[in-house]
Amino acid sequence: MTTIAEIKKHARAQVRAARTRRVDERPSRDRNIQAHLLDALAKLPCAPSTIGAYVPLPNEPGGADLPDVLARTEARVLLPRVVRGDAPSLDWIEYQPDNPNLAAGTWGILEPVGEPVGKSAGSVVHTFPTCVDVIVTPALSIDYHGIRLGQGGGFYDRTLANRPSHVKVWALVDHEEFTRDVPCQDHDLVVDAVVNDLGYFPIF
């Protein structure tokens, strides 16, 4: 009998392969994603003072310059750093656009260098800073109910599981990856909106 874990593994492989085939389209798609993201942020009732984001991997929607694009909104931008342990999670560090504080971290992913925001010295509890208004997350696929298929590490699932209700989560994907069904389990993160190369789509 095929398990959900096996179905997810197959779905991830399909998305990654499709992204590889779209490599020539990546720059134009990323510009469209960024434009729709900035437009959606500008239309919020209150301009966000702090935005959580990430540094996209090659072939991952959003563009390597995503943190700089968001920083130009004059919001403070927080980026994640992987924290290893019994329950690996994410710490969040303020990005410095004028002197980019990024270094290759876990799995070669660019991560911020510095002290985590909203975490006391010596604490082993990994929580999402309550100062954040919107967090922009990576995803491999999102279904119409907002269920997110991630890379499989569970970092965002664990870190954002108990986020405050005011923290909105938006996922960036290509339009083909916003789909009717995504294999899911109870712990999978549910997002509030999707931004892709065709527009901004709130989840109701």
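A residue counts as buried when its relative accessible area is under 20%. By that cut-off, strand β9 is mostly covered, with four of its five residues buried. The structure is a predicted model.

- Strand β6, spanning residues 134–138, is mostly covered, as five of its five residues are buried.
- In a regular strand, side chains alternate between the two faces of the sheet.
- In β6 both faces are covered: Val134, Val136 and Pro138 are buried on one side, and Ile135 and Thr137 are buried on the other.
- Strand β1 (residues 50–52) runs parallel to β6 and is joined to it by two bridges.
- Within that pairing, valine 134 of β6 is the bridge partner of isoleucine 51.
- Strand β9 (residues 168–172) also runs parallel to β6, and five bridges join the two.
- Tryptophan 170 in β9 stands opposite valine 136.

**From β9 to β11**

- Strands β9 and β11 run parallel and are joined by three bridges.
- Tryptophan 170 stands opposite alanine 193 of β11.
- Valine 195 belongs to strand β11, which covers residues 193–196.
- Valine 195 is classed as buried because its relative accessible area is 0%, below the 20% cut-off.
- Apart from neighbours within four places in sequence, valine 195 is in contact with Trp170, Ala171, Leu172 and Val173, and also with Ile33, His36, Leu37 and Tyr200.
- Valine 195 and isoleucine 4 are 191 residues apart in sequence, and their C-alpha atoms are 26 Å apart in space.

**The open sheet β8-β7-β10**

- Three strands make up an open sheet in the order β8-β7-β10, with mixed pairing.
- Strands β8 and β10 (178–179) are the edge strands, each pairing on one side only.
- Strand β7 (residues 141–143) pairs with β8 in the antiparallel sense over two bridges.
- Isoleucine 142 stands opposite arginine 148, a residue of β8.
- Serine 141 lies in strand β7.
- Serine 141 is counted as buried because its relative accessible area is 8%, which is under 20%.
- A polar atom of the serine 141 side chain lies 2.9 Å from the backbone oxygen of glutamate 177.
- Not counting residues up to four places away in sequence, serine 141 touches Ile147, Arg148, Leu149, Val173, Glu177, Thr179 and Val182.

**The largest pocket**

- The largest pocket holds about 720 Å³ of space.
- The pocket is lined by 34 residues, of which Arg148, Gln151, Gly153, Phe155 and Tyr156 are the closest to its centre.
- The elements giving two or more residues to this lining are α1 (4–21), β2 (76–83), β5 (110–112), β8 (148–149) and α4 (155–160).
- By class, the lining comprises 17 nonpolar, seven polar and 10 charged residues.

**Leucine 78 in β2**

- Leucine 78 is located in strand β2.
- Leucine 78 counts as buried because its relative accessibility is 0%, against a cut-off of 20%.
- Beyond its neighbours within four places in sequence, leucine 78 is in contact with Thr50, Ile51, Gly52, Ala53, Trp92, Ile93, Glu94, Val117, Pro129, Cys131 and Val132.
- Leucine 78 and proline 116 are 38 residues apart along the chain, while their C-alpha atoms are separated by 9.2 Å.

**Serine 89 in β3**

- Serine 89 is part of strand β3, which covers residues 89–94.
- Serine 89 is buried because its relative accessible area, 3%, falls under 20%.
- The side chains of serine 89 and threonine 159 make a polar contact at 2.7 Å.

Notes
Residues numbered from 1 in each chain as written. Predicted model: local features only at pLDDT ≥ 70, side-chain atom pairs only at ≥ 80, totals over all residues. Heavy atoms only, no water. Buried < 20%, exposed > 50% of the residue type's maximum accessible area, 1.4 Å probe, protein only. Pairing = 2+ DSSP bridges. 1 Å grid on protein atoms, 1.4 Å probe; cavity = no way out; pocket = protein on both sides within 12 Å on 5 of 7 lines; lining within 4 Å. Points joined across faces, edges and corners; volume = space filled by probe spheres on them. Nonpolar A, V, L, I, M, F, W, Y, C, P; charged D, E, K, R; others polar. Polar contact = N/O pair within 3.5 Å; in protein donor to acceptor, adjacent residues only side chain to side chain. Contact = heavy atoms within 4.5 Å.
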